[in-house]
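I opened this notebook to keep track of what I looked up in one structure. The entries follow the order in which I went through it.

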Amino acid sequence: AAGLAAVAAGFVKGFAGFGFAVVFTPLFSLMSRDPRQVVFVALVLGAIMSLGVIAEARHAIAGDRAVPVILGTMAGTPLGIALLGVIDRPALKIAIAGFAIGITALRLARFRIRIGPGARPLAAAAFLGGILNGCTSMGGPVLALIVAWQRRGISDSRAILVGPSETTGLCLRSQVMVDKTTTIPRTKVGT
């Protein structure tokens with residue numbers, strides 16, 4: 001079942017260029033006793049898969065959109081990592097499931113807010129997404145909603161979602177992997 005969750009999440013990542021953790025983390029956390037381990041595994045697998053996505057999108061990345069996303073993500077992710085260390089396991093499972101259900105409901109309901117195309121909404125979404133990335137590994141949907149509500153074109157949206165967020169995520173995930181090897185107990189997920 002865990003392998004099936006990883007394959008489904010990998011398919012989403014390969015098709016859209018992002019979204020691995022949104023599929024993988026909720027499914028895998030249902031099978032795990034420690035959702036913190038799932039977050040760690042999702043960060044590691046996401047970092048590995050990001051390499052190809054970054055290479056593909058590197059030419060579409062524009063500084064006026066990349067800088068606010070990178071700064072917001074870099075500010076929010078350490079806070080999320082700190083939260084990951086203090087949230088108890090049952091609460092984290094509920095948070096992961098609730099976030100996944102909530103974001104899906106918003107998208108299915110086609111809920112829309114008109115947001116201007118400026119950098120501030122991107123930075124704010126990246127900050128909140130960074131917090132969620134650090135504690136649930138699912139930081140992308142917040143930024144994706146803002147980009148959709150800004151009514152950006154497909155190529156511009158993909159560059160915002162894939163390029164800067166994946167680049168920043170890869171750098172931060174590398175640090176998380178180093179930090180988590182000493183702070184997360186070394187137990188097998190699902191045992």
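**Entry 1: helix H7**

I began with H7, where 7 of the 10 residues are buried, so this helix is largely enclosed by the rest of the structure. The model is a predicted one, and I read every entry here with that in mind. I listed the buried residues of H7 as Pro141, Val142, Leu143, Leu145, Ile146, Val147 and Trp149.

**Entry 2: the chain as a whole**

I then stepped back to the overall layout. The protein chain has 8 helices and 0 strands. Read from the N terminus, its elements run α-α-α-α-α-α-α-α. I noted that buried residues account for 45% of the 191 residues in the protein chain.

**Entry 3: the nonpolar cores**

Next I looked up what is packed inside. The largest nonpolar core holds 24 residues, and I wrote down those with the most contacts inside it: Val69, Leu122, Leu143, Ile146, Val147 and Ile160. Two or more residues each come from helix H3 (35-57), helix H4 (63-86), H5, H6, helix H7 (140-149) and helix H8 (154-183). Which element gives the largest share of this core? I found that H7 does, with 6 residues. There is also a second, separate core of 5 residues, and I noted Phe24, Phe28, Val38 and Ala42 among them. As background, nonpolar side chains tend to be buried together in soluble globular proteins.

Leu27, Leu30 and Met31 make a nonpolar surface patch of about 290 Å². I placed methionine 31 in helix H2, which spans residues 20-31.

Isoleucine 94 was my next stop, and I found it in helix H5.

**Entry 4: a positive patch**

I turned to charge. Arg107, Arg110, Arg112, Arg114 and Arg151 gather on the surface in a patch of positive charge. Of these I followed up arginine 112, which is found in the loop between helix H5 (89-108) and helix H6 (119-136). Arginine 112 is exposed, and I noted its relative accessible area as 52%.

**Entry 5: two positive phi angles**

Last, I checked the backbone. Most residues other than glycine have a negative phi. Serine 137 is not a glycine, yet I found a positive phi of about 70 degrees for it. I located serine 137 in the loop between H6 and H7. Is serine 137 buried or exposed? Serine 137 counts as buried because its relative accessibility is 5%, and the cut-off for buried is under 20%.

Arginine 151 also has a positive phi, of about 60 degrees, although it is not a glycine. I found arginine 151 in the loop between H7 and H8. Arginine 151 also belongs to the patch of positive charge in the previous entry.

Definitions and conventions: Residues are numbered from 1 along each chain as its sequence is written. This is a predicted model: local features need pLDDT of at least 70, side-chain atom pairs count only at pLDDT 80 or more; totals for chains, interfaces and linings use all residues. Side-chain values use heavy atoms; hydrogens and water are left out. Patches are made of residues with over 30% relative accessible area and no salt bridge: like charges are joined within 9 Å, nonpolar side chains (Val, Leu, Ile, Met, Phe, Trp, Tyr) within 5 Å. Accessible areas come from the Shrake-Rupley method with a 1.4 Å probe; for residues, only the protein chains shown count as cover. A salt bridge is a side-chain nitrogen of Lys or Arg within 4 Å of a carboxyl oxygen of Asp or Glu. Lys and Arg count as positive and Asp and Glu as negative; His and the chain ends are not counted. The place of a charge is taken as NZ of Lys, CZ of Arg, CG of Asp or CD of Glu. Helices (H or I, at least four residues) and strands (E, at least two) are DSSP runs, numbered from the N terminus. Buried means under 20% relative accessible area, exposed over 50%, partly exposed in between (1.4 Å probe, protein chains only). A nonpolar core is a set of buried Ala, Val, Leu, Ile, Met, Phe, Trp, Tyr and Cys residues joined through side-chain atoms within 4.5 Å.
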